[in-house]
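Hi everyone, thanks for making the time.

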Amino acid sequence: MDKCTACMAMKIIKVLGNATCWISRRRCLTLFFMTDGHIPLNRSVLNNTILNMIHSYMDDGHYRPQHCTAVQKVAIVIPYRNRQKQLKVFLNNILPRIKRQQLEFVIYVIEQKSGMPFNRGMMSNVGFKEAMSDMEFDCIVYHDVDVLPEDDRNFYICSDNPIHMSVKVEQFGYRLPYEKIAGGIVTFSRQQFEEINGFSNQFFGWGGEDDDLYRRIKFNKYELIRPFEDFGMCGSVSHKPAERSIDRKKFLKYSYEVWKNDGLNNLEYRLLRKENKQLYRWIYVSI
């Protein structure tokens, strides 16, 4: 093992925290060795037939390493509406990347029915509820469909604190726009997400819910950490700008007063359809 690989292995063990005991049980040590480092994004928009052929290792949106037991079971939750091209680019880039990290994972695409302005926070909460009804996941990753990691060493894992993966996004000139940002790609353990009561359900339209999420993290004495900051470069997949949340500043003003009663514990939605496709699990809801 060269020096750089050894340093990365030690960093991952530190991030895993209490999960490091799993390493001694002959779990997937290839997490440390099988990654390819920085790989430019493939921005080709492939049709579903070709995607299914390329990623034939996926079954009902699920992948499990064949020759070892994954360090963590991970649910990837994608709040979604009207982003067909972006979803295809996402799948073609992200599926092989997580596979190389030797994690067991399921992709969930949570689609909001048209009509109401898009509510990313609610779709994230729906994803948590539906994912946890399928499997006992160790880690939940909330993932914008248009933000794609460019480096395998940016790991889809959870730690003793929530992890912000999308540190250097192309849209922001590959720089962190502000220290308290909690958007793009964020990972939580089940306990962490339940303790902060998930996302707020109040933010209809773009913006605000991620700033409120950061406050919930701090209210509960957690830190939003960036352990893989050196490898946190993420490409942006362009799309039509979303409608802004007109009430985001008002809701942010009262974050502390309402967070305990606004989130997972008052979530209401109607499940219209749930379908296991080859590459992901599609959940269609109205709110």
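Let me start at a strand pair: Lys-168 stands opposite Met-233 in S9. Strand S9 covers residues 233–236, and S7 pairs with S9 in the parallel sense over two bridges. For pairing, DSSP has to find at least two bridges between the strands. Helices here are DSSP runs of H or I with at least four residues, strands are E runs of at least two, and both are numbered from the N terminus. These strands belong to an open, three-stranded sheet with mixed pairing and the order S5-S9-S7. S5 and S7 (168–169) are at the edges with a single partner strand each, so one side of each has no neighbour in the sheet.

A word on what you are looking at. This is a predicted model, where local features need pLDDT of at least 70 and side-chain atom pairs count only at pLDDT 80 or more, while totals for chains, interfaces and linings use all residues. Residues are numbered from 1 along each chain as its sequence is written, and side-chain values use heavy atoms, with hydrogens and water left out.

Now the overall picture. The protein chain has eight helices and eleven strands. Of its 287 residues, 54% count as buried; buried means under 20% relative accessible area, exposed over 50%, and partly exposed in between, with a 1.4 Å probe and protein chains only. Contacts, meaning heavy atoms within 4.5 Å, tell us about the fold too: among those with a separation of 6 or more, 83% join residues 24 or more positions apart.

Let's go inside. Which residues have the most contacts inside the largest nonpolar core? They are Ile-76, Leu-87, Phe-90 and Ile-107, in a core of 39 residues. Strand S2 (73–80), H3, strand S3 (104–112), strand S4 (139–143) and strand S5 (147–149) are the elements that give two or more residues to this core. H3 gives the most, with seven residues. By a nonpolar core I mean a set of buried Ala, Val, Leu, Ile, Met, Phe, Trp, Tyr and Cys residues joined through side-chain atoms within 4.5 Å. Leaving aside neighbours within four places in sequence, Phe-90 is in contact with several residues, including Ile-76, Ile-78, His-143 and Leu-148. A second, separate core has 30 residues, among them Ala-75, Met-122, Met-132 and Met-135.

Is Asn-93 buried or exposed? Asn-93 is buried, with a relative accessible area of 6%. Not counting residues up to four places away, Asn-93 touches Leu-41, Asn-42 and Leu-148. Its side chain also reaches the backbone oxygen of Val-89 at 2.8 Å.

Finally, helix H4 (residues 120–134). At 1.5 Å a residue, its 15 residues should span 21 Å, and the end C-alpha atoms are 21 Å apart, which agrees; the expected span is 1.5 Å times one less than the number of residues. H4 is mostly covered, with twelve of its 15 residues buried. Arg-120 and Glu-130 are among the buried ones. At the start of H4, a side-chain oxygen of Asn-119 comes to within 3.3 Å of the backbone nitrogen of Gly-121.

That's my tour, and I'm happy to take questions.

Notes
A polar contact is a pair of N or O atoms within 3.5 Å; within protein, one must be able to donate a hydrogen and the other to accept it, and residues adjacent in sequence count only if both atoms are side-chain atoms.
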